[in-house]
Amino acid sequence: KLFTEILTKAASEIFIPLTVGGGINTLDDFDRVLNCGADKVSVNSGAIKDPGIIPRAAKKYGDQCVVLSADVKRVDGQFRVYSMGGRVDTGMDALKWIKDGVDNGAGEIVLNSIDTDGVKDGFDIEMLDAVSSVVDVPIIASGGAGSIDDFVELFKKLPKVDAGLAASIFHFGEVKIEDLKARLKEEGIEVRS
C-alpha cells in the first residue's frame, strides 16, 4: 500500500517515462503499478520463477510495456543469470535467457553486470556487446558507471546500447546530470533535453 501511494505521487509529479520494478511476479502486479502511473514494468526474479509472465504481459499490455531486467555475472567463462537481487546463481545462460525473453515479448532489456556493479570503473562493455549481438530491442546498461567518461565510452563503443543507468554517482553528487548531458552532446551523442 505504501509503495503504491509513493508511486502514484511520483507519477503525478514527474513527466518522464516511468519504469517500475521490484516484486513483480504476476499480471496483477503489472496492473497495480500501471494503474499507479508507471509506463513500463520491469520484471526479473518473477520471470525466472515464471517465464510465462513475459508473453502473458506482452499480450495484455504490449511488448513496449514489458522490460526484462537481468542480473548477470561471469561464471567459468559463461554469462550466467542471477536471481534474488544478484545473490542466487540460476545456472542459466544469460544470452539464451535474454534472447528467449525478447522472443517471448520483452520489448526492452536492463542488463545489470554484477561484475562491475558498484565498482565505478566503467560499464561492462564485453557483456553489453554480447547481449546487443543477440537482441534487437532497446538495451539499458547498468553497473559500473563512475564518471562522465564511462558514459562517453559506453555510447562511443556500443552505439546499439540505448541508455546508461547509474545511481550512486548522482545520489552523492559525483556527477551532475546536466553536466553529463552537456558532455554527451559535445561528443555528438544524442541526448534528450
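This is a predicted model: local features need pLDDT of at least 70, side-chain atom pairs count only at pLDDT 80 or more; totals for chains, interfaces and linings use all residues.
Residues are numbered from 1 along each chain as its sequence is written, and side-chain values use heavy atoms, with hydrogens and water left out.

A pair of aromatic rings is described by the distance of the centres and the angle of the planes. Rings of Phe, Tyr and Trp (its six-membered ring) pair if their centres lie within 6.5 Å, and planes under 30 degrees apart count as stacked, over 60 as edge-to-face and the rest as tilted. The structure holds 3 aromatic pairs. One of them joins Phe 123 and Phe 151 in an edge-to-face arrangement, with 5.2 Å from centre to centre and 80° between the planes. This pair links distant parts of the chain, since Phe 123 sits in the loop between strand 6 (108-113) and helix 6 (125-132), whereas Phe 151 belongs to helix 7 (residues 148-157), 28 residues apart. Helices (H or I, at least four residues) and strands (E, at least two) are DSSP runs, numbered from the N terminus.

Phe 151 also pairs with Phe 170, this time tilted, at 6.4 Å centre to centre and 35° between the planes. Phe 151 lies in helix 7 and Phe 170 in helix 8 (residues 168-171), so the pair ties together parts that are 19 residues apart in sequence. Phe 123, Phe 151 and Phe 170 form one aromatic cluster. With a relative accessible area of 2%, Phe 151 is buried, while Phe 170, at 24%, is partly exposed; buried means under 20% relative accessible area, exposed over 50%, and partly exposed in between (1.4 Å probe, protein chains only).

Turning to the cysteines, a disulfide is a pair of cysteine sulfur atoms within 2.5 Å, and by this rule the count comes to 0 disulfides. For Cys 36, the nearest cysteine sulfur is that of Cys 65, 13 Å away. Cys 36 counts as buried at 11% relative accessibility, and Cys 65 is buried too, with a relative accessible area of 4%.

Finally, consider two helices. Leu 27, Phe 30, Asp 31 and Leu 34 in helix 2 meet Ile 53, Arg 56, Ala 57, Lys 60 and Tyr 61 in helix 4, where contact means heavy atoms within 4.5 Å.
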